[in-house]
Each structure stands twice: as structure tokens, then as C-alpha cells.
Amino acid sequence: MGSRKVTEWQGKNVTVAGLGVSGVPAAKVLHGLGARVTVVNDGDDARAREQAAELEALGITVRLGDGATLPEGTELIVTAPGWKPDKPLFTAAEAAGVPVWGDVELAWHLRGPDAAPWLAVTGTNGKTTTVQMLASILKAAGLRTAAVGNIGVSLLDAVLGEERYDVLAVELSSYQLHWAPSLRAHSAVVLNLAPDHLDWHGSMEAYAKDKGRIYEGNRVACVYNVADKATEDLVREADVEEGCRAIGFTLGTPGPSQLGVVDGILVDRAFVENRQKNAQELAEVSDITPPAPHNVANALAAAALARAFGVPAKAVRDGLRAFTPDAHRIAHVADVDGVAYVDDSKATNTHAAEASLAAYGSIVWIAGGLAKGATFDELVAKSAERLRGVVLIGADRALIRDALARHAPEVPVVDLDRTDTGAMLAAVQEARRLAVEGDTVLLAPACASMDMFANYNQRGDAFAEAVRELGA
């Protein structure tokens, strides 16, 4: 980082909003640059006090239990991405003319003059998988890269660390994009849009607008989902650099300036000579793990960003072959008595669950948890014909039960009136009773996990453990 950047921060009064995974590193970085840092935090629990002690030892001021008051003299707020825009702290900042940045915005400002370009990914579902696929493809092309942002390496570490990168594969949440007004990616994709986090954003329109920020100032390609018109609309609305192209991806036959699938082969009609007539084979659907439709869509989006960066076709194939998905993302746990048991605990909203349910023909569905304001009628109506039976758990299971009564009244439903962690074993046992040979028992809850589990990982682990008990 140049000395000009360091000088820029010397003595600047910066308030960091929130401790935790982004707040603590941001406070340390800003303090190291010479800023006068004050951290404010709503909570005052043991973990917060421990983090506060660590920062205070460096000479950073920390105010616990008071995240609402704007510290006097504040010139900039750097916020944890999860802090809602309507918090009193931000209202006070707006009245005082104080800008608010997220950690992504801070990282963007701290990049050096020869910084690696960003290939950016957002969407309601599939972000992490797509970014990991993209990083795998970029590595297969011999490029120095990392999956960063809302995943893996923090952006601040990637920007300020010793390691030099050629390009970064960046996962960005709607929260992060809301607080990153200056971000300008090389190329970006919005994978899909469905209602999520509406309690945070306030409306679907506000949520979509924040997702759409990822396209602002793109230099080479704005990649959109042909099957999801809302993503194309965001491209049309974006203010991009001259010459930046709109590139679609589709599970069908691609038109010019699109990537798609023909006879089980992923093909590129965007980054080829004479795209009106020519297409480049990239990989086979069988190179993708798992080859479920929504995962093929993720692969096409990753391929589009990689091709926008000039990656050869062979690297797309090699990168997809080398990629293995994270745990709890359509993970095949075991076959018991001819029934497949699949863990998609990561399906924490209706859009993700719909994609998961679409991957199988006959399903005993385990669902339920915290709905986060979601409704389930559309999901159930679209998936009804695939359902052999349903087992419901969790705090908001009645919402799914009522949707099933309206749209799939003939499907047998077991409503487990439980929210304890042991309910998962009972759910798996009930699912086994409903399933017949050739079925898939699918954990795709369509809900968050925190009513019963620490996170979706623990929920998926409980499912896998229950399945192992069946087969024992």
C-alpha cells in the first residue's frame, strides 16, 4: 500500500460498528493505518468483552452495550454487514453527513495501484458454490487466485496480505453490497433473485436494488440468468463502462452472447469469434458434481466469468472436474434399503429448497425451521408432484403444513411437534417409514436452523448421524 493511503488515514476518527468476524479485523487494520478508532457494539456478553479487551490492549476505544450513539467527531463509520440500515447510529450519521462503509468498501479503498481485479458473484442461492467453482477454474488456468469475501479468505486479508493475486473470485451478500457503493468489478453475476432477508432490506425492491449494485461500473461482462428476468432487468439498469457486455447463461440451447447446454455439453456462444455461427465446447454436464440442474447453472455462471477474464475452454473443464462441493450442499449421505438420503441443510430458504427438490423424482421431504418471513405456497405447488411424503420439524413448520394442505392435500405429512435437536433422529425414522425403494429422503428445510441448531452445518451433521444410525 502506498504511503499516500497511509497518510490519508493518519489521525482520522473512524467508528467501527460491531465486533465479530468483520469488525475486529477492520478495527485492527484502521488502527494500524494510524486512524483513531472507536468500536461500538450493541451486545455486552462474555465474547464481546473478550474481543474488547483484545482491541483495548492495542489502544482502540471500545464501547459495549451502546451501538446507537454516534461518537463525537466521527468522520467515517465502517459497519459489520449485518447491521440494518435503519439503526439509529446510521440515522445520526446521515444527519451529520458521515459516510457509512462496509468491510468490502473498506477493502476496495485499500487496494494497491496494481491490485487484482475482482470477479464478483451474488444471488439468493448458489453464491458459495459458484465462487468455489470459479476459483477452481481460475486455478486450472494457472492463475493466482482465492475465493474471498462472504466465504473463505476475508477481503481485507486478500487486499492487504503478502500474497499477490492475479484475480479474485469474490462472493458478496446483499448486506455487503448495500454498504459498498464504490465497488467496480471486472465482471459480475447475479445468479438469481427470490425473496430473502426482506426483514433486513425492508422490501423486495430494496433487496433487488442492493443485489444489482454488483453490476455498477463493470468493465467486461454483466452475467445474468436467462431463466430469471429480474437479473437481466438489473443489468439493463446498471451504469457500466463503455464496451461492457450483457452475457446470459441458460440450461437450454444458448443464443449469441450466451452460455448454455446442448446434448449434455456446456457451450459458449459469447466469448468466441463470430458468435452468430460458432460455439465453443467447455465441458460436459457429467464433469459437474453433483449434476443437478441448479448446479449446472452455477457452473455456467462461473464459466461465464472465467471466460470474461480470458480463461481457455480447457481450464473450464479441468476446473469443474477438480471442484467438490462443500458439506451440506446436496450431499449424498448413504443408501439404506434402496432409498437415497441426501443432506441439503444449506437450503435455508424457499428458492434453494425448490432447486433441491427439482433434482429428484420421488421425494420424502424433511423441512421446517425458522421461516424468516417466507411463505411456502409457491414452493409446495411447484414441488407437489414429486412428494411421496413430508416430515416437518421446527418452530415455523405450521406455515409449510398449511401450504401442503392447500396445494398437496393427498401427500402424507408427519408433523413432529418438536424443536429439540433429538427431533432430527425421529424425523429420519419417520421419513424411512414413508419412503419406498427408489425414493430420495431429502433434508432441504427451506428455513433457517437457529430454532434447533447452532447453524445449518450442525443441522446437516445431525441428519447424517441419524442416517448412519438407520444403516447400523
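This is a predicted model: local features need pLDDT of at least 70, side-chain atom pairs count only at pLDDT 80 or more; totals for chains, interfaces and linings use all residues.
**First stop: helices H6 and H12**

Begin by selecting residues 127–140, helix H6, together with residues 293–308, helix H12. The two axes come within 8 Å and cross at roughly 45°. H6 and H12 are therefore oblique to each other, and the crossing is right-handed. To display the contact, show Thr-129, Thr-130, Met-133, Leu-134 and Ile-137 on H6. On the H12 side, the contacting residues include Asn-295, Asn-298, Ala-299, Ala-302 and Leu-305. Sorted by class, the residues of this contact comprise nine nonpolar, four polar and no charged ones.

**Second stop: helix H5**

Next, select residues 103–110, which form helix H5. Seven of these eight residues are buried, so H5 is largely enclosed by the rest of the structure. The buried residues are Asp-103, Val-104, Glu-105, Leu-106, Ala-107, Trp-108 and Leu-110.

Proceed to Leu-177, located in helix H8, residues 174–178. Leu-177 has a relative accessible area of 1% and is buried. Beyond its neighbours within four places in sequence, Leu-177 is in contact with several residues, among them Thr-122, Leu-183, Asp-210, Arg-213 and Ile-214. Select Pro-81 as well: its C-alpha atom is separated by 8.6 Å from that of Leu-177, although the two residues are 96 apart along the chain.

The model contains 25 salt bridges. In helix H3, residues 46–56, select Arg-47 and Glu-50, which are three residues apart and thus separated by about one helical turn. Their closest N and O atoms are 3.1 Å apart. Arg-47 is partly exposed at 48% relative accessible area, while Glu-50 is exposed at 51%.

A further pair is found in helix H15, residues 377–383, where Glu-378 and Lys-382 are four residues apart. The closest N and O atoms of this salt bridge are 3.1 Å apart. Glu-378 is exposed, at 53%, and Lys-382 is partly exposed, at 46%.

Now select Asp-439 and Arg-388, whose salt bridge has its closest N and O atoms 2.8 Å apart. Asp-439 lies in the loop between helix H17 and strand E20, whereas Arg-388 belongs to strand E18, 51 residues away. Asp-439 is buried, with 2% relative accessibility; Arg-388 is partly exposed, with 35%.

**Last stop: a network**

Finally, select Arg-397, Arg-401, Asp-402, Asp-415 and Asp-417, which a network of salt bridges links together.

Notes: Residues are numbered from 1 along each chain as its sequence is written. Side-chain values use heavy atoms; hydrogens and water are left out. Axes are lines fitted to C-alpha atoms, for helices over the stretch in contact, and angles run from 0 to 180 degrees between N-to-C directions. Helices (H or I, at least four residues) and strands (E, at least two) are DSSP runs, numbered from the N terminus. Angles under 35 degrees count as roughly parallel, over 145 as roughly antiparallel, 65 to 115 as roughly perpendicular and the rest as oblique. A crossing is left-handed if the near helix is turned anticlockwise from the far one by less than a right angle, and right-handed if clockwise. Contact means heavy atoms within 4.5 Å. Ala, Val, Leu, Ile, Met, Phe, Trp, Tyr, Cys and Pro count as nonpolar, Asp, Glu, Lys and Arg as charged, and the others, Gly among them, as polar. Buried means under 20% relative accessible area, exposed over 50%, partly exposed in between (1.4 Å probe, protein chains only). A salt bridge is a side-chain nitrogen of Lys or Arg within 4 Å of a carboxyl oxygen of Asp or Glu.
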